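I set out to record what I looked up in this structure. The entries below follow the order in which I worked.

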Amino acid sequence: MKAYYSDHFVLPLPTGHRFPMEKYSLLRAHVAKIKGVELIEAPLASDIDLARAHSPSYIERVSDGTLTDSELREIGFPWTTLMVERSKRSAGATMQACITALKDGVAVNLAGGTHHAYRDKGSGFCVFNDAVVAARRLQSQQKMQIAIIDLDVHQGNGTAAICQGDSSIFTLSIHGEKNFPFRKETSNLDIGLADGCEDVHYLTVLSDALRTLEARFSPEMIIYLAGADPHEGDRLGRLRLTMDGLAQRDQLVFNFAKEMGCPIAVAMAGGYGREIETTVEVHAQTIQLAFNYYKNRKETLT
């Protein structure tokens, strides 16, 4: 199974910055131990690729460093050439994971899930919206119905806004109702959860949501944002899912992809554990389950 990484493009962040940049290199080191996973450097998304989801003027301001101070504050990162490089490669990784999944059934981006980025601005540590960039890259090659299943604890507001009125992309977001962003956008299916939500309720809600998706849409590709931040040990999540609950969450999504008979590309999205090792463990569990899905699919085909 192919896994695309971009963690060696490290953003130079100020001391005490709350974004857990280290988790990506730790995750790659963990995934490198899974025999049968091929690690590949993420390609750059071109400006043409990005422009399918973002305005040319925004792409230009990001690229040449002319974002305003307020725009940078909303993103949460200082501008550097490495910020540009990493953001384009993170989008390129999800794009390539989708392309690979068409052939292999499943592929992963060891970063991505930057769902707060809008067409003409970034937000919440998200510069470019990798899921929409990837979806529209596929659709530029062939007509395709794509479902974006966003299980980060924060609503995929940028994704919802960019895809508003686009009947070829179904956006599903299950998130903390009282969590960031505090002004929600309208996805095709939004489910806001109360603080303290635990495994049983979450899994029931997810199972019902997938059935609703199936009733309303016929996906030919799934892009899955597998946030680690619903975990009970997350600083920002405010939900109380266990490791086992998150494993069942991931498995429900993989089972749904199997039932639909469509490829699935996985991006990591958020994770802000009180202990960074916990966040890495959640993400690594998702990758292991993706690999198990890949192996089972290959065995079935042979």
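I took a pocket to be an open set of points on a 1 Å grid over the protein atoms alone, where a 1.4 Å probe fits, with protein on both sides within 12 Å along at least five of seven lines; lining residues have an atom within 4 Å of a point. A volume is the space filled by probe spheres set on the points, which are joined across faces, edges and corners.

The model is predicted: local features need pLDDT of at least 70, side-chain atom pairs count only at pLDDT 80 or more, and totals for chains, interfaces and linings use all residues. Residues are numbered from 1 along each chain as its sequence is written, and side-chain values use heavy atoms, without hydrogens and water.

I looked up the largest pocket and found about 540 Å³ of space. Its lining has 37 residues, with Phe19, Gly124, Phe125, Cys126 and Tyr272 closest to the centre. Helix H5 gives the most to this lining, with five residues; helices are DSSP runs of H or I of at least four residues, strands runs of E of at least two, both numbered from the N terminus.

I then turned to the second largest pocket, which holds about 290 Å³. Of its 16 lining residues, Ala257, Lys258, Tyr293, Asn296 and Arg297 lie nearest the centre. Helix H10 (276–301) gives the most here, with seven residues.

Lastly, I checked histidine 175, which is found in strand E5 (residues 169–176). Histidine 175 is buried, with a relative accessible area of 2%; buried means under 20%, with a 1.4 Å probe and protein chains only.

Methods: Buried < 20%, exposed > 50% of the residue type's maximum accessible area, 1.4 Å probe, protein only.
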